[in-house]
Amino acid sequence: MIPARYSATRFPGKLMQDLGGKSVIVRTYEATMATKLFDEVYVVTDSEIIYSEIELHGGKAIMSIKEHQCGSDRIAEAIEDMDVDIVVNVQGDEPFTSKEALEQVLNEYKGKDANKIDLVTLMTEINDWNEINDPNCVKVIVDKDNFALYFSRSPIPFLRDKNDEVQYYKHKGIYAFRKQALMDFYKLPMRPIEATEKIECIRYLEYGKNIKMAISNTPGIEIDTPEDLIRANIALKEENPLITTKNKFRNFPMVPKVVFGQGSFDQLSIILAPNRINKNPFIFLVDDVFEKNQSLIVRINPRFNDKLIFISSKEEPKTSQVDLIVKEIKSEITYLPSGIIGIGGGSILDLAKAVALLLTNKGSAADYQGWDLVKNKAVYHVGIPTISGTGAEVSRTTVLSGPERKLGINSDFTPFDQVILDPNLTIGVPEKQWFYTGMDCFIHCVESLNGTYLNAFSQSYGEKAFELCKEIFLKNTLTKEESRAKLMMASWHGGMSIAYSQVGIAHAMSYGLSYVLDTKHGIGNCIVFDHLGEYYPEGVAIFKKMKKKNKIKLPQNICGNISEEQMETMIDIALSLVPLWENALGDNWKSIMTREKLKKMYLRM
Ligand code: NAD
Ligand code: ZN
């Protein structure tokens with residue numbers, strides 16, 4: 001139940017305000033539906049405007065008939081004649097209500113105290129004295145089993161000795177009631193303490209009900225003021241609903257250990273040894289171009305029951321492929337391996353990252369495609385690139401084609417724990433492939449440096465990589481050996497540059513190509529980028545020179561024979577990558593890049 005009042009004292013009409021093209025109340029309704037936790041979701045309102053807004057968007061709304069003091073009364077009236085066990089109150093002004101928080105509340109009804117519980121609600125740790133002392137922030141104290149003892153606008157408990165440490169909690173207005181508890185609340189009159197503090201929850205305590213407090217520390221954004229709305233709009237744009245002012249700047253982990261140098265690969269055994277847990281094996285995922293390369297296999301130097309799995313990178317990595325590898329590993333050992341070591345290009349590095357994540361996170365890799373969906377730390381994982389350009393060795397993502405989308409698993413747990421950069425490993429790379437993957441790096445730089453998300457951090461890495469690429473692909477001054485070392489550095493810098501900004505049009509369109517036609521990332525980027533002179537004039541002019549100098553002929557008319565349906569899918573995939581378009585074209589990108597325009601561009605390629 002989402003109680004929704006039209007008039008709010010602090011911010012009138014706030015539920016009808018625009019939040020990224022939809023009203024706040026519709027956003028809340030959709031977010032609640034999307035959790036898939038409920039049999040039914042209703043908005044309960046006193047307002048015709050909100051009622052029709054929800055109906056218009058295909059949702060279910062109930063008009064409350066009576067005047068109500070609070071949201072709980074409004075819900076109680078609505079459920080009086082409904083056959084329900086547990087009713088959850090989701091606040092209308094919390095458009096980013098997280099599934100995790102709601103799940104935590106509901107799970108209490110499955111826990112050991114379930115029989116004692118009349119209602120469950122949420123609390124969050126607070127540590128800021130301004131917040132602790134703010135009467136708008138309701139504090140709560142609990143007993144040893146997390147049942148509420150008291151709620152107050154005063155800081156509770158009182159800290160007599162300033163040196164003592166105590167954790168303060170604030171109350172968050174998400175409730176899961178047993179129907180009876182809510183109906184009792186509705187019928188029982190308010191008593192003096194509730195009236196003094198003006199806190200609904202106190203009524204339950206005053207009548208002896210048991211309130212179980214679940215803890216959730218996922219930040220959300222409540223819309224109480226026009227400033228909150230601005231913040232919410234920004235957070236929505238960044239596609240990360242959990243961003244608040246406290247963490248709007250990106251706080252990303254980096255690869256903690258990296259070794260660089262010709263021949264550094266020979267240090268692999270020494271690097272791995274201290275990370276071996278008991279006799280648990282290391283699993284090496286190796287590009288199958290090395291299957292016959294005995295000298296490389298000898299240098300890997302597998303010990304005990306370590307295992308080598310050779311993998312083809314002919315096709316783009318898939319979520320199903322990750323699931324299969326994980327299943328294979330789990331069928332052989334019942335415990336976790338000591339680590340996963342990826343040896344190959346972007347494809348193999350991405351697979352290694354994803355396998356390491358999926359060994360400790362249940363379900364399918366497809367469940368984690370997106371931003372920050374991974375819950376548990378991965379097993380120790382090491383990346384060893386054998387071709388340079390993607391930046392996958394340093395990035396916070398692993399790009400996978402799934403059943404529904406092509407999208408990375410972007411998380412703090414994705415980056416490698418260790419990277420070994422040995423330029424000599426790239427010696428055998430075929431010339432064309434060297435160019436395509438190298439251009440991935442060049443395009444990362446162009447898209448980052450010309451994007452609206454650019455900042456000094458990204459720029460410093462991007463400019464360096466851009467210069468290195470020009471030196472490698474346009475000049476005749478470098479030896480092969482120097483080129484290999486420099487491209488390895490360019491790849492790293494290009495990856496760092498996009499980590500703190502974003503890629504752009506070539507990547508969005510190339511994801512579409514590879515989802516529908518399985519075009520590989522490097523060549524796909526080149527095919528697209530060649531036609532983007534209108535958007536990246538300088539970068540594309542340099543690219544054309546590089547193409548000529550390196551005698552590269554790109555395939556033509558690759559979209560000439562595709563069906564209407566394939567074209568539509570390709571456009572859907574490309575347009576779904578909102579941050580990429582925003583970075584490339586700004587806030588107004590939708591009016592610049594229409595479906596028709598995109599189709600024309602694809603048909604030219
Ligand atoms: P790749 O890994 O697909 O390898 C390309 C070809 O080069 C393969 O045929 C491979 O067998 C061969 N190869 C690799 N090393 C070789 C060597 N030393 N000698 C001979 N042949 C060798 O290509 P890639 O361009 O490195 O990676 C593309 C993938 O990277 C795509 O799946 C893309 O989505 C992904 N990617 C990921 C990120 C990220 O941040 N995670 C960024 C960009 C691209
Ligand atoms: Zn790329």
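Predicted model: local features only at pLDDT ≥ 70, side-chain atom pairs only at ≥ 80, totals over all residues.
**Zinc site.** I started with the zinc ion (ligand 2). Which residues coordinate the zinc ion? I found Asp440 through OD, and His444, His507 and His521 each through NE2. The distances run from 2.1 to 2.2 Å. Along the chain, the donors of this ion are spaced as D-x3-H-x62-H-x13-H. His507 sits in helix H17 and His521 in helix H18, so the pair links parts 14 residues apart in sequence.

I then checked the geometry. The 4 donor atoms subtend angles of 85 to 169°, which makes the arrangement around the zinc ion irregular. A tetrahedral call would need all angles between 85 and 135 degrees.

Are His507 and His521 buried or exposed? His507 has 2% relative accessibility, so I logged His507 as buried. His521 has 17%, and His521 also counts as buried. The cut-off is under 20%.

**Helix H18.** I followed His521 into its helix, residues 521-529. All of H18 is buried, 9 of the 9 residues, so the helix is largely enclosed by the rest of the structure. Among the buried residues I noted Ile523, Cys526, Ile527, Val528 and Phe529. What covers them? The cover of H18 includes helix H14 (431-449), helix H17 (505-517) and helix H19 (537-549).

Last, I looked at strands S8 (residues 139-142) and S9 (residues 148-152). They pair in the antiparallel sense over 4 bridges. I traced Val140 to its bridge partner in S9, Phe151.

How values were computed
Residues numbered from 1 in each chain as written. Chains lettered and ligands numbered in written order. Heavy atoms only, no water. Buried < 20%, exposed > 50% of the residue type's maximum accessible area, 1.4 Å probe, protein only. Helix = DSSP H or I, 4+ residues; strand = E, 2+ residues; numbered from the N terminus. Contact = heavy atoms within 4.5 Å. Donors = N, O, S within 2.8 Å, 3.2 Å for Na, K, Ca; no water. Tetrahedral: all angles 85-135°; square planar, octahedral: opposite > 155°, others 65-115°. Pairing = 2+ DSSP bridges.
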